[in-house]
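Student: I would like to learn how to read a structure of this kind step by step, going from a single residue to the whole chain. Could we look at it together?

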Amino acid sequence: MTTANVSAANAVKTRSFWLLWVVLFCNVTAGIGILEQASPMIQDFFREGGTSTVSVAAAGGFVGLLSLFNMAGRFVWSSTSDLIGRKPIYLLYLGVGMVLYTLLALVGQTATAFFVLLACVILSFYGGGFATVPAYLRDLFGTFQVGAIHGRLLTAWSAAGVAGPLIVNGFLDAQGKPGTLTAAAYRPALFTMVGVLAVGFIANLLIRPVPERFHEPAAGRDADEATEPATAERSGTR
């Protein structure tokens with residue numbers, strides 16, 4: 001956790017910013033990939049003789065449950081990061097996420113409850129990763145312009161919002177129409193998400209403290225902060 005500050009203009013020049021960009025992109029891509037096809041996915045995973053054992057209503061309830069875990073993950077995992085640190089919590093999101101996606105692809109169709117559990121934990125990591133990243137930015141770049149830095153980093157979320165559905169839909173469209181497929185049709189997309197998470201896992205390991213040459217001069221920053229109240233006071237007396 002740095003005690004220095006980095007401007008938004010300098011933050012985008014650092015390797016740590018772009019590594020964290022990759023981390024967020026990979027985490028969000030994996031989460032959106034499953035959320036976007038959640039309803040037809042659970043029906044296809046439990047299809048027997050052309051008919052799914054999961055009703056449309058149940059599939060809709062599954063989507064609602066995923067949304068709750070997405071929200072809960074933002075509270076639970078971001079709070080956990082305060083205890084264990086930002087880098088370790090992202091190792092959890094990405095590393096355990098790889099294991100969960102692998103299990104989902106290989107044995108997710110064995111039991112509905114098991115499938116739901118795996119998917120819900122994956123979505124909690126998606127929500128947690130999104131909620132934890134502002135604190136990660138503060139730890140790396142300080143508080144000086146962390147809001148502006150966060151805004152620049154959110155381009156990773158925007159890119160992932162396009163990439164995740166494209167990856168999953170690209171594989172599924174080659175197999176047929178979602179809602180009429182089987183569990184095997186989803187495996188290539190799920191294993192691709194394992195690879196995406198692996199890239200994010202490595203990127204997170206490579207993140208290092210920002211070099212001092214990118215830090216804001218402490219003396220100049222203190223002077224600016226000292227003049228702001230005086231400027232505001234003079235403006236108020238006019």
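**Reading exposure, rings and pockets**

Tutor: Gly 50 is exposed, because its relative accessible area is 56%, and the cut-off for that word is a value over 50%. Please keep in mind throughout that this is a predicted model.

Student: Where in the chain is the place of Gly 50?

Tutor: Gly 50 sits in the loop that joins strand S1 (47-48) to strand S2 (51-52).

Student: What elements does the chain as a whole have, and in what order do they run from the N terminus on?

Tutor: There are 10 helices and 2 strands in the chain, and from the N terminus the order of elements is α-α-α-β-β-α-α-α-α-α-α-α. The C-alpha trace spans about 80 × 40 × 30 Å along its principal axes. Of the 238 residues in the chain, 44% are buried, and the accessible surface comes to about 11,100 Å², with 66% of it belonging to carbon and sulfur atoms.

Student: What share of the contacts in the chain with a separation of 6 or more comes from residues 24 or more positions apart?

Tutor: Such residues account for 83% of the contacts in that set.

Student: Let us turn to aromatic rings. By what is a pair of aromatic rings described?

Tutor: The general idea is that two quantities describe a pair of aromatic rings, namely the distance of the centres and the angle of the planes. A pair requires centres within 6.5 Å, and planes under 30 degrees apart count as stacked, over 60 as edge-to-face, and the rest as tilted. By this rule the count in this model comes to 12 aromatic pairs. Take Trp 18 and Trp 21, whose ring centres are 6.3 Å apart and whose planes stand at 45°, so the pair is tilted.

Student: Where do Trp 18 and Trp 21 lie, and is Trp 21 buried or exposed?

Tutor: Both residues lie in helix H2 (residues 15-36), at a spacing of 3 residues, which is about one turn of the helix. Trp 21 is buried, since its relative accessible area is 19%, whereas Trp 18, at 43% relative accessibility, counts as partly exposed.

Student: Which parts of the chain does the pair of Phe 45 and Tyr 186 link?

Tutor: Phe 45 and Tyr 186 form a tilted aromatic pair, with 5.6 Å from centre to centre and 55° between the planes. This pair links distant parts of the chain, because Phe 45 belongs to helix H3 (residues 38-45) and Tyr 186 to helix H9 (residues 183-206), 141 residues apart. Phe 45 counts as buried at 4% relative accessibility, and Tyr 186 likewise counts as buried, at 2%. What does rolling a probe over the atoms show?

Tutor: In general, a probe the size of a water molecule, rolled over the atoms, shows where empty space is left. In this model the largest pocket has a volume of about 240 Å³. Its lining consists of Met 1, Thr 2, Arg 86, Lys 87, Tyr 136, Asp 139, Leu 140, Ile 207, Arg 208, Pro 209, Val 210 and His 215. By class, that lining holds 6 nonpolar, 2 polar and 4 charged residues.

Student: Which helix gives the most to the lining of the largest pocket?

Tutor: H6 gives the most, with 3 residues. Helix H5 (86-107) and helix H6 (112-141) each supply at least two residues of the lining.

Student: Let us follow one lining residue. Where does Thr 2 lie, and what does Thr 2 touch beyond residues up to four places away in sequence?

Tutor: Thr 2 lies in the segment that comes before helix H1 (8-11), and with a relative accessible area of 17% Thr 2 is buried. Leaving out residues up to four places away in sequence, Thr 2 touches Arg 138, Asp 139, Leu 140, Phe 141 and Gly 142. Thr 2 and Pro 209 are 207 residues apart in sequence, while their C-alpha atoms are 7.6 Å apart in space.

Student: For another case, is Asn 10 buried or exposed?

Tutor: Asn 10, found in helix H1, counts as buried at 18% relative accessibility. Not counting residues up to four places away in sequence, Asn 10 touches Phe 214 and Glu 216. Asn 10 and Phe 46 are 36 residues apart in sequence and 51 Å apart in space, C-alpha to C-alpha.

Definitions and conventions
Residues are numbered from 1 along each chain as its sequence is written. This is a predicted model: local features need pLDDT of at least 70, side-chain atom pairs count only at pLDDT 80 or more; totals for chains, interfaces and linings use all residues. Side-chain values use heavy atoms; hydrogens and water are left out. Rings of Phe, Tyr and Trp (its six-membered ring) pair if their centres lie within 6.5 Å; planes under 30 degrees apart count as stacked, over 60 as edge-to-face and the rest as tilted. Helices (H or I, at least four residues) and strands (E, at least two) are DSSP runs, numbered from the N terminus. Buried means under 20% relative accessible area, exposed over 50%, partly exposed in between (1.4 Å probe, protein chains only). On a 1 Å grid over the protein atoms alone, a cavity is a set of points where a 1.4 Å probe fits but cannot get out, and a pocket is an open set with protein on both sides within 12 Å along at least five of seven lines; lining residues have an atom within 4 Å of a point. Grid points are joined across faces, edges and corners, and a volume is the space filled by probe spheres set on the points. Ala, Val, Leu, Ile, Met, Phe, Trp, Tyr, Cys and Pro count as nonpolar, Asp, Glu, Lys and Arg as charged, and the others, Gly among them, as polar. Contact means heavy atoms within 4.5 Å. Accessible areas come from the Shrake-Rupley method with a 1.4 Å probe; for residues, only the protein chains shown count as cover.
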